[in-house]
Amino acid sequence: MLRFPPHFSGLFASVALLLTAAPAVRADIVSDWNSLALTSMTSTADPLVAHDLAILAASMYNADQSIQGTYNTYGYGSYPAPAIGSAPSGADSQAAMIAAANTVMQYLYSGSSTEATSLYNSQLSGIANSQAKTDGIAWGVTIANNFLSARSADGSADAATTTYSPVGTIGYWQQTSAAGALLPGWGSVGTFAIPGVGGYMTTLPGGSVTSYLQSSQYAADYAQVKDLGSNFSSTRTSDQTNQAYFWAAGDGTVKMSGMWNQIAQTAAATAGLSTADTARLLATLNVAIADASTAAMATSYDTQFWRPETAIANGDIDGNASTVVDSFWAPLINSPSLPEYVSLGATISEAAAVVLASYLGDNVSFSLGSDINGDGNIDLTRNFTSFSQAANEAAMAGVYGGTQFQTSVADGQILGSNVANYVLANNFTVVPEPAGAVLLVCGGLFLLGARRRR
């Protein structure tokens, strides 16, 4: 029979808080709505945060680019990309973006209706009344409603109520809190860009729970998290402890997806991106995070691997002679209520970092504040010199927090990178310059004429 260790809450006394002022972020249409969305989602599970941010960002992007036509509009599956130039002639693209964002937020987060209405009115007041403004508003509403309609049956509404029963044997996940399994049906939610999750799901070394449990790799993963992730670890450094708390992204916070959106907003402002380019960046980012999350959740409930606290309490019956049991071991951070493999935090972070580095270059310095305890206040601020540095730190935070094994972290990074690269290659691309096409045609006609004269 499996034994379960006592569960301890993390101790904040050991965390040396680094308090600095939050970086100034340039306000614009896109980041204002993104910020409002993040404050509305603190009670929302991470995969759903990514899902809803993808709808918001892609709706604003399509409202803009269907009018401006700098980048190809977004479409997938039952949602056809709106044709460039299909909006009423002369429609104001900023009015369209504002109206699209308001429509999405009013539908998805009606509890924030007052704040959304206030932002909507404030932003529209900066645009002179005209037929262009009127047409832009109507077009933005149409874009958003079409998108919402296409996603209405994507499975996200049923993911939390999907029936799930833990296997209950050695190596398989056991619930470690009173909370039920988190979104057990999320792996079946319709994707935004990748052609299904099957080609992106990862597997444990050896291909099965039993094979991994009996491997030397598992023994190394086990020893590492047992040492570094313990609530009372004597070898984890103060900086590693800070990292664990900083990236915990628990209840009441903007979650991991939200933290990467905050990074993106800061980076976009620092780079001086236009409103259109900021919309493109956030649309790409959130579509990649959403699909990476879905593939990770599908992997988690397909594999159903146990968390370190259950593993370490049963180290004497796992079939591996190199794992030493500790019935009183507890993690620094409370374990998420879903199976361990593959790391959702590592997956999200790598997908986000790959997108941001593709658009802005990797070596971008930035600061980020984290609300550790979900009270709405920034408790800890960390500084970074690249997106990849932040992604690696976010991934390793699970090991330092005692909630993830190293293999889960590494495989999550691979999954996130693969999804992000697919999204980048197949969506939100630049529309070819008309001048280039004209030159090609003219060149072809010139060569044809030359042949005829010979």
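# Questions on a predicted model

Of the 454 residues of the protein, 55% count as buried. The model is predicted.

User: How many helices and strands does the protein have?
Analyst: The elements here are runs of helix or strand, numbered from the N terminus. Counted that way, the protein has 15 helices and 2 strands.

User: Among contacts between residues at least 6 apart in sequence, what share joins residues at least 24 apart?
Analyst: A contact means heavy atoms within 4.5 Å. Take the contacts between residues at least 6 apart in sequence. The share that joins residues at least 24 apart is 81%.

User: In which sense do strands β1 and β2 pair, and over how many bridges?
Analyst: Strand β1 covers residues 366-370, and strand β2 covers residues 380-384. The pairing is antiparallel, over 5 bridges.

User: Why is β2 described as largely enclosed by the rest of the structure?
Analyst: Buried means under 20% relative accessible area. β1 is mostly covered, with 4 of its 5 residues buried. β2 is largely enclosed because its buried residues number 4 of 5.

User: Is His51 buried or exposed?
Analyst: His51 lies in helix α2, which spans residues 46-68. Its relative accessible area is 5%. The cut-off for buried is under 20%, so His51 is buried.

User: Which residue's side chain makes a polar contact with the side chain of His51?
Analyst: Leaving aside residues up to four places away in sequence, His51 touches Arg151, Asp154, Ser156, Trp186, Val189, Phe192 and Ala290. The polar contact has a distance of 2.6 Å. The partner is Asp154.

User: How are α2 and α3 oriented to each other?
Analyst: Their axes are 8 Å apart and pack at an angle of about 155°. Angles over 145 degrees count as roughly antiparallel. Therefore α2 and α3 are roughly antiparallel.

User: What is the handedness of the crossing of α2 and α3?
Analyst: α2 and α3 pack with their axes 8 Å apart. On the α2 side, the contact includes Asp52, Ile55, Leu56 and Ser59. On the α3 side, it includes Ser93, Ala96, Met97 and Ala100. The crossing is right-handed.

User: What is the handedness of the crossing where α3 passes α5?
Analyst: α3 and α5 pack with their axes 7 Å apart. Residues of α3 in the contact include Ala95, Ala99, Thr103 and Tyr107. Those of α5 include Gly136, Trp139, Gly140 and Leu148. The crossing is right-handed.

User: Where is the cis peptide bond that ends at Val342?
Analyst: Most peptide bonds are trans. Val342 sits in the loop between α11 (308-313) and α12 (344-360). Omega of the cis bond is near 20°. The bond runs from Tyr341 to Val342.

User: What is phi of Ala249?
Analyst: Most residues other than glycine have a negative phi. Ala249 lies in the loop between α8 (238-246) and α9 (255-271). Ala249 counts as buried, at 17% relative accessibility. Its phi is positive, near 50°.

User: What is phi of Lys255?
Analyst: Lys255 is placed in helix α9. Lys255 is buried, with a relative accessible area of 6%. Lys255 is not a glycine, yet its phi is positive, at about 70°.

User: How far apart in space are Ile333 and Ala397, C-alpha to C-alpha?
Analyst: Ile333 is in the loop between α11 and α12. In sequence, Ile333 and Ala397 are 64 residues apart. In space, their C-alpha atoms are 9.7 Å apart.

User: Which residues does Ile333 touch, not counting residues up to four places away in sequence?
Analyst: Ile333 is buried, with a relative accessible area of 15%. With residues up to four places away in sequence set aside, Ile333 touches Ala244, Tyr245, Ala248, Gly401 and Thr403.

Conventions
Residues are numbered from 1 along each chain as its sequence is written. This is a predicted model: local features need pLDDT of at least 70, side-chain atom pairs count only at pLDDT 80 or more; totals for chains, interfaces and linings use all residues. Side-chain values use heavy atoms; hydrogens and water are left out. Buried means under 20% relative accessible area, exposed over 50%, partly exposed in between (1.4 Å probe, protein chains only). A polar contact is a pair of N or O atoms within 3.5 Å; within protein, one must be able to donate a hydrogen and the other to accept it, and residues adjacent in sequence count only if both atoms are side-chain atoms. Two strands pair if DSSP finds at least two bridges between them. Axes are lines fitted to C-alpha atoms, for helices over the stretch in contact, and angles run from 0 to 180 degrees between N-to-C directions. A crossing is left-handed if the near helix is turned anticlockwise from the far one by less than a right angle, and right-handed if clockwise. Angles under 35 degrees count as roughly parallel, over 145 as roughly antiparallel, 65 to 115 as roughly perpendicular and the rest as oblique.
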